[in-house]
Amino acid sequence: MIGTVIEAADIGLALRDGADRVHATACALVADLAAACADGAVRERLAGRATVHHNGFVKLVVVDTDEWDSPPLKGYRLVLHVWDPAVAPHSVEEIHNHRWRFASVLLRGALKWEHFHEYDGEDEPIPCLEYEYRSPGRDTGYRLRPRGPVTLARQFVALAGVGARSMMTVSQIHRVEPVADTLSATLFLQFPVERTSTRVFVESWRPASTAPRRLRRPAPAELAACLRRLAAGL
C-alpha cells in the first residue's frame with residue numbers, strides 16, 4: 001500500500017456502502033499521491049503498481065486486496081483509472097463485463113457510459129464476436145480467447161460528469177470512454193472476485209486480435225507527470 005495522508009479505508013468503505021461526499025475525499029487522496037511523487041522511491045513503487053491498459057487508460061492499484069488495515073475491506077481493491085492522452089492514446093474500448101462488482105466516482109472530466117444486453121428482438125441488433133479474458137494477475141501479458149459470434153443490443157447511453165457515481169454488477173455488459181480527448185479519471189472500489197473469466201465483445205467488422213497482448217508499465221517520471229496533471233485539475 002502507498003502511504004497517504006488521507007485514510008484510504010474511509011474512501012473504500014464509502015464507495016462500498018454508497019455513502020455521500022466521497023468525491024472530495026477521493027480527490028484529496030489523488031492530490032496526496034501526486035505530491036508524494038516528489039520522492040523518487042515513491043515514484044518507483046507507484047510505477048510498479050501501474051499499467052497502460054489496451055483500452056486506453058492508465059490503471060494504478062492504490063490499495064491491493066491484501067493491504068487493507070480495515071478487516072471489512074479484505075479482498076477489495078482500490079484502483080485509479082486515468083484517461084490521459086499524453087500517456088495512453090485514445091482507443092475504442094472493447095465491450096465487456098467484469099469478474100467482480102465495482103463502485104466508482106468520477107474525479108475529473110466526462111465519460112460516456114454505454115450499457116448493452118444480449119439481443120432479444122426488441123432493439124437494434126449489433127453483431128459481435130465474443131472472447132474470453134482471464135486476468136494475468138501480476139504478469140503484464142494476456143490474450144483473448146475466441147468464443148464465437150453473439151448479437152448484442154444497446155440498452156442505453158449516458159454521459160457522466162464530475163462527481164458522478166456508478167455501481168456495476170458482474171453481469172452488466174458495458175463500455176466506457178472519455179467524451180473528449182482530454183484527461184478524465186475515476187477512482188473505483190473493486191469488490192471480491194466472483195468468477196474466473198470476463199466476457200469481451202467487439203463489433204464483427206473489427207475482430208480482435210488473439211495474439212498475446214503486453215501491458216506496458218509507465219516510467220516513474222511518466223506516471224508522476226500524469227498524476228500531477230490529474231491533481232492540478234481537481
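Trainee: Which residues of α2 are buried, and what makes them count as buried?
Mentor: V22, A26, C27, L29, V30, D32, L33 and A34 of α2 are buried. Buried means under 20% relative accessible area; over 50% is exposed, and in between is partly exposed (1.4 Å probe, protein chains only). This is a predicted model, where local features need pLDDT of at least 70, side-chain atom pairs count only at pLDDT 80 or more, and totals for chains, interfaces and linings use all residues. Residues are numbered from 1 along each chain as its sequence is written, and side-chain values use heavy atoms, with hydrogens and water left out.

Trainee: How do you know that the span of α2 agrees with a helix of 15 residues?
Mentor: The expected span is 1.5 Å times one less than the number of residues. For helix α2 (residues 22-36) that gives 21 Å, and the end C-alpha atoms are 21 Å apart, so the two agree. Helices are DSSP runs (H or I, at least four residues), and strands are too (E, at least two), numbered from the N terminus.

Trainee: What makes I11 of α1 and its partners a contact with α2?
Mentor: Contact means heavy atoms within 4.5 Å. I11, A14 and L15 of α1 meet V22, T25, A26 and L29 of α2. Six of these contact residues are nonpolar, one is polar and none is charged.

Trainee: Why is the pair E67 and R49 called a salt bridge?
Mentor: A salt bridge needs a side-chain nitrogen of Lys or Arg within 4 Å of a carboxyl oxygen of Asp or Glu. The closest N and O atoms of E67 and R49 are 2.7 Å apart, so the pair qualifies. E67 sits in the loop between β2 (58-63) and β3 (77-83), R49 in the loop between α3 (40-47) and β1 (50-52), 18 residues apart.

Trainee: Why is E67 called partly exposed, and R49 buried?
Mentor: E67 has 21% relative accessibility, so E67 counts as partly exposed. R49 has 19%, so R49 is buried.

Trainee: What makes E114 and R175 a link between distant parts of the chain?
Mentor: E114 lies in strand β6 (residues 111-118) and R175 in strand β11 (residues 173-178), 61 residues apart. Their closest N and O atoms are 3.0 Å apart, and they form a salt bridge. E114 is buried at 4%, and R175 is buried at 5%.

Trainee: How many salt bridges does the structure hold?
Mentor: The structure holds 15.

Terms used: Nonpolar A, V, L, I, M, F, W, Y, C, P; charged D, E, K, R; others polar.
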